[in-house]
Amino acid sequence: MGDIKDYKCLSCGAPLVFDANTQNLHCGSCGTEFSLETLQQIDETDENIRQQQSKYDWSKYEPRNFTAEDAVDLSAYSCPSCGAEIVGDNTMGSCVCPYCGNSTIIPGQFQNTLMPDYLIPFKIDKKKAMESFEQACKKARFLPDEFKNKKKIEEMTGVYVPFWMFDCKCNANIAYRANQVHTWSDSQYNYVRTDYYKLLRSGSIDFANVPVDGSIKADDAYMEAIEPFDYNDAVNFDTAYLSGFLADKYDVSAEDSIERANNRIKNSTESAFTKTTSRYVSVVPENTNINFSDGKIRYSLLPVWMLNLKYKDKMYKYAINGQTGKVVGEYPISGKKKWLYFTKVFAIALAVSAAALYVYSII
């Protein structure tokens, strides 16, 4: 004999019992009935999704190296404070580390590293980047006056941050448990009816230019927050684009970035599929199978303005999208400004109360 299959009610989870009169499986708890054929189809679908293993097929990245001609106008710099290794043109004098704000940068001999496949050139200059930051500061309450210091803001540095870009085709099958709730009333009672559903979503999504930053020093949350970038502006790499800017050397390999890329693509796929279930009140995924194919990896540089401002022994870091001007960062709060604000509010409230009491006493 084969294994005995115990079916559970899709509505409440209670055991189902075969009803000889209706030839269906009946739930003694909530009264719902299911045909055996329907339950077998659902069970078969769930089992197929569970048995399939998700596959992430990425082709191995084949790096390109700088030629002697490409490297002739480049210099390497290293930061003794945070260990950042950055590249700039050899006309640069002194510079400030874009990651930690240290002003002591040690120039060194440029040594061949991987050549990016493409980059997105800076679209906004330092002046516009400063304006974007100042506009963002206006929205921050109780901001210390130090953050309005033009000289400090001018220390902003334009950096090409290394990113690994992932392209793939994604096929997915996701099974959900969902329900809908209906309410109505008559002259005597309020009624609530809950309908339970088993949902299956199956389809494919193509992904292009899913970025994963290739720098340990760059905050992953910041780099994702300043997205999106417009990849229609991407151009083949040329050292001329580095003139006046810095370029960080990647220190996270393509292979080490795959796990993060997998998570980003998986989460985006699940989010896209879940949006198709919006008509239901509650939706819970039960089984998920996702496969990537035709995976390609490329090395790119994306433009970011970086700024470090110190306040009360803490360094506050900001990243500004060098293409759109979007600003990301944490803003400190001036305790003095906050105290003065609430003192002023309290004084106004006290004055209004006193005036109201005076009017009342006259009446």
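1. Starting with the surface: the chain exposes about 21200 Å², and carbon and sulfur atoms supply 50% of that area. Accessible areas here come from the Shrake-Rupley method with a 1.4 Å probe, and for residues only the protein chains shown count as cover. Bear in mind that this is a predicted model, where local features need pLDDT of at least 70, side-chain atom pairs count only at pLDDT 80 or more, and totals for chains, interfaces and linings use all residues. Residues are numbered from 1 along each chain as its sequence is written, and side-chain values use heavy atoms, with hydrogens and water left out.

2. On to the overall fold. The chain has 7 helices and 17 strands, taken as DSSP runs (helices H or I, at least four residues; strands E, at least two) and numbered from the N terminus. Of the 363 residues, 39% are buried; buried means under 20% relative accessible area, exposed means over 50%, and partly exposed lies in between (1.4 Å probe, protein chains only). Taking contacts (heavy atoms within 4.5 Å) between residues at least 6 apart in sequence, 74% join residues at least 24 apart.

3. There's a nonpolar surface patch made of V181, V192 and V281, with about 280 Å² of accessible area together. The patch rule takes residues with over 30% relative accessible area and no salt bridge, joining nonpolar side chains (Val, Leu, Ile, Met, Phe, Trp, Tyr) within 5 Å and like charges within 9 Å. V281 sits in the loop between α6 (254-274) and β15 (282-311), and V281 counts as exposed because its relative accessibility is 59%.

4. How many salt bridges does a search of the whole structure find? The tally is 13, where a salt bridge is a side-chain nitrogen of Lys or Arg within 4 Å of a carboxyl oxygen of Asp or Glu. As background, side chains of opposite charge can pair when their charged atoms come close.

5. Two of these bridges run between β11 and β15. K169 pairs with D294, with the closest N and O atoms 3.7 Å apart. This pair links distant parts of the chain: K169 is in strand β11 (residues 157-185) and D294 in strand β15, 125 residues apart. Both ends are partly exposed, K169 at 41% relative accessible area and D294 at 47%. The other bridge is E286 with R177, at 3.0 Å from N to O. E286 belongs to strand β15 and R177 to strand β11, and the two are 109 residues apart. These residues are partly exposed too, E286 at 33% and R177 at 32%.

6. Further along, K314 and E330 meet in a salt bridge at 3.3 Å, N to O. K314 is in strand β16 (residues 314-321), while E330 is in the loop between β17 (327-329) and α7 (335-362), 16 residues away. K314 counts as partly exposed at 35%, and so does E330 at 41%. There's also a network: D220, E224, E227, R260 and R264 are joined by salt bridges that share partners.

7. Which residues line the second largest cavity? F163, P211, V212, D213, D220, M223, E224, E227, R260 and R264 do. The elements giving two or more residues to this lining are β12 (190-213), α5 (220-225) and α6. The volume is about 40 Å³, and the search of the whole structure finds 2 cavities of 30 Å³ or more. A cavity is a set of points, on a 1 Å grid over the protein atoms alone, where a 1.4 Å probe fits but cannot get out; lining residues have an atom within 4 Å of a point. Grid points are joined across faces, edges and corners, and the volume is the space filled by probe spheres set on the points.

8. Some backbone geometry to check by eye. Most residues other than glycine have a negative phi, and most peptide bonds are trans. The bond between E227 and P228 is cis, with omega about 10 degrees; P228 is in the loop between α5 and β13 (235-236). N209 has a positive phi, near 60 degrees; N209 lies in strand β12 and counts as buried because its relative accessibility is 17%. D294, the β15 residue that pairs with K169, also has a positive phi, near 55 degrees.

Methods: 1 Å grid on protein atoms, 1.4 Å probe; cavity = no way out; pocket = protein on both sides within 12 Å on 5 of 7 lines; lining within 4 Å.
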